[in-house]
Amino acid sequence: QVQLVESGGGSVQVGGSLTLSCGAPADTYNCLGWFRQAPGKEREGVAAISRPGSKYYADFVRGRFIISRDNTKNILYLQMNNLKPEDTAMYYCAAGGGRCSIDSKYFAYWGHGTQVNVSS
């Protein structure tokens with residue numbers, strides 16, 4: 001079993017920044033990613049990064065968020081800049097062993113989430 005634990009969530013004003021982190025076995029799984037889900041909404045992919053470092057972003061975060069991974073420390077990061085109210089959601093980190101994308105079907109392991117609240 002693998003254990004994924006997110007941290008770094010909190011409350012921020014519109015335009016502010018937060019950085020999320022997740023302990024993950026970076027060298028074991030090809031793809032590490034971030035997903036989010038707001039109340040009453042479907043889960044959506046945010047960003048993903050492969051072991052070699054290829055990055056994939058949802059259109060609604062491209063240019064604002066940066067995904068990165070520290071394979072030595074086994075930590076996945078999501079730098080969230082210029083936050084908007086619609087970014088309010090529970091954010092989950094996930095890991096998968098195959099194809100890397102922001103499609104959740106390729107991820108087998110999930111954390112329990114960290115809440116991000118963006119107020120206007």
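Reader: What is the relative accessible area of Asn74, and is the residue buried, partly exposed or exposed?
Author: This is a predicted model: local features need pLDDT of at least 70, side-chain atom pairs count only at pLDDT 80 or more, and totals for chains, interfaces and linings use all residues. Residues are numbered from 1 along each chain as its sequence is written, and side-chain values use heavy atoms, with hydrogens and water left out. Buried means under 20% relative accessible area, exposed over 50%, and partly exposed in between, with a 1.4 Å probe and protein chains only. Asn74 has a relative accessible area of 30%, so Asn74 is partly exposed.

Reader: Where is Asn74 found, and what is its phi?
Author: Strands are DSSP runs of E, at least two residues long, numbered from the N terminus; helices are runs of H or I, at least four residues. Asn74 is found in the loop between β7 (65-70) and β8 (75-80). Asn74 is not a glycine, yet its phi is positive, at about 55°.

Reader: What is the relative accessible area of Asn82?
Author: Asn82 is found in the loop between β8 and β9 (89-96). Its phi is positive too, near 50°, and Asn82 is not a glycine. Asn82 counts as partly exposed because its relative accessible area is 42%.

Reader: Which residues is Gly16 in contact with, leaving aside neighbours within four places in sequence?
Author: Gly16 is found in the loop between β2 (10-13) and β3. It counts as buried because its relative accessibility is 18%. Its C-alpha atom is separated by 6.3 Å from that of Asn81, 65 residues apart along the chain. Contact means heavy atoms within 4.5 Å, and beyond those neighbours Gly16 is in contact with Met80, Asn81, Asn82 and Leu83.

Reader: How many helices and how many strands are there in the protein chain?
Author: From the N terminus on, the elements run β-β-β-β-β-β-β-β-β-β-β. The count is 0 helices and 11 strands.

Reader: Which residues touch the most other members of the largest nonpolar core?
Author: A nonpolar core is a set of buried Ala, Val, Leu, Ile, Met, Phe, Trp, Tyr and Cys residues joined through side-chain atoms within 4.5 Å. The largest core has 27 residues. Its largest share, 4 residues, comes from β9. The members that touch the most others are Trp34, Leu78 and Tyr91.

Reader: How many residues does the second, separate core have?
Author: Cys31, Ala48, Ala94 and Phe107 are included in this core. Its total is 6 residues.
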